[in-house]
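Subject: Structure for your review

Dear colleague,

Please find below the structure that I am handing over to you. I would be grateful if you read the notes that follow with the model open beside them.

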Amino acid sequence: MRLKFPLIVLTFLSFAANAQNKMKKVEELIDKADPGWTLVEDWIKTAQNKVEILPADAAKAKEALYKTQVTTRSSMGAVVFNTGGLLIDDGWIRILGSGNSKFDRTLPDWNKGKTFTEFGEAPPYLLIADDAIGGFYLLNGGGLGADIGKIYYFSPDNLEYEPLDVTYSEFLGFCFNNDLDKFYEGNRWNGWREEVSKLKGDEVFNFYPFLWTAEGSDINKNSRKIIPVQEQYGLNIDLRKQLGFEK
């Protein structure tokens, strides 16, 4: 599904450039003259979908920003530094920030060991958000294709990396204003909102039969249980390998 939004285009290139060089001090990454949060906040105020801003802890925010190595002038840096994370549509989509008791994961720590080994490395992609059904949103750093800086969706219903043809800023626009019922058509069960609203930010619903099987195509007939998001991500990666998706 191709999504296009007339928002400011911010790419992955600044992250990669910083990561390949000596890590910048957090003070160098905080842009007081032109903070990106002003713009992100305006987008949230006019959002059509429900957006919950989780409060950030100042010390943890600085640490997360330093580990991520992006400036607060960018929308990603703004989200990391100014929020503990963003919950969209009663928590259906969780956008990673600097962590919060309700969403106990930070963007850099969640990626460590998955997309890079040590902070400061330039990863092939970066996990920037996920959803309640075990889907993951990735920012391409070159490992997913030539479209560096664009977002992919690691879909639980086909285990493919689907290009969305949007930047991080445009992805925020997608979360704030897109018709999520249409995007997730067939993947929302009766009464999902009440169940998802009680889900912790480090948990997802696991389905059986798997959503990518013919038997699991009707989500209302599947059994589901809550498992750690870490477990689901590992399962998705392992299944891709078993099915021969990984070269």
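In helix α7, the buried residues are Tyr 168, Ser 169, Glu 170, Phe 171, Leu 172, Gly 173, Phe 174, Cys 175 and Phe 176. The helix spans residues 168-177 and is mostly covered, since nine of its ten residues are buried. Please keep in mind that this is a predicted model.

Phe 171 and Phe 174 belong to one aromatic cluster, whose other members are Trp 92, Tyr 137, Tyr 153, Phe 183, Tyr 184, Trp 189, Trp 192, Phe 205 and Phe 207. The count of aromatic pairs in the model comes to 22. In one of them, the ring centres of Phe 174 and Phe 183 are 4.9 Å apart and the planes stand at 70°; angles over 60 degrees count as edge-to-face, so this pair is edge-to-face. Phe 174 has a relative accessibility of 0% and therefore counts as buried. Phe 183 is buried as well, because its relative accessible area is 14% and the limit for buried is under 20%.

Trp 189 and Phe 205 form another edge-to-face pair, with 5.2 Å from centre to centre and 70° between the planes. Trp 189 lies in the loop between α8 (180-183) and α9 (192-197), while Phe 205 lies in strand β8 (residues 203-208), so this pair ties together parts that are 16 residues apart in sequence. Trp 189 is buried at 1% relative accessibility, and Phe 205 is buried at 4%.

Charged side chains also meet rings. The charged end of Lys 114 sits over the ring of Trp 110, at 3.7 Å from the ring centre. Lys 112 places its charged end over the ring of Phe 119, at 5.7 Å from the centre.

With a relative accessible area of 1%, Ser 98 is buried. What does its side chain reach? Another is the backbone oxygen of Val 80, which lies 3.1 Å from a polar atom of the Ser 98 side chain. Beyond its neighbours within four places in sequence, Ser 98 is in contact with several residues, including Ala 56, Lys 60, Gly 84 and Arg 105.

The structure also holds three cavities of 30 Å³ or more. The largest cavity has a volume of about 100 Å³. Its lining consists of 13 residues, and those nearest its centre are Pro 156, Phe 210, Leu 211, Gln 232 and Asn 236. Two elements, β8 and α10 (229-242), each give two or more residues to this lining. Helix α10 gives the most, with four residues.

Most residues other than glycine have a negative phi, and most peptide bonds are trans. Asp 89, in the loop between β2 (85-88) and β3, has a positive phi of about 55°. Asp 90 lies in the loop between β2 and β3 and has a positive phi of about 60°. Asp 89 is buried, at 7% relative accessibility, whereas Asp 90 is partly exposed, at 21%. A cis peptide bond joins Tyr 208 and Pro 209, with omega at about -5°. Pro 209 lies in the loop between β8 and β9 (223-228).

Yours sincerely

Technical notes
Residues numbered from 1 in each chain as written. Predicted model: local features only at pLDDT ≥ 70, side-chain atom pairs only at ≥ 80, totals over all residues. Heavy atoms only, no water. Buried < 20%, exposed > 50% of the residue type's maximum accessible area, 1.4 Å probe, protein only. Polar contact = N/O pair within 3.5 Å; in protein donor to acceptor, adjacent residues only side chain to side chain. Contact = heavy atoms within 4.5 Å. Phe/Tyr/Trp six-rings, centres within 6.5 Å; stacked < 30°, edge-to-face > 60°. Lys NZ or Arg CZ within 6 Å of the ring centre and 35° of its normal. 1 Å grid on protein atoms, 1.4 Å probe; cavity = no way out; pocket = protein on both sides within 12 Å on 5 of 7 lines; lining within 4 Å. Points joined across faces, edges and corners; volume = space filled by probe spheres on them.
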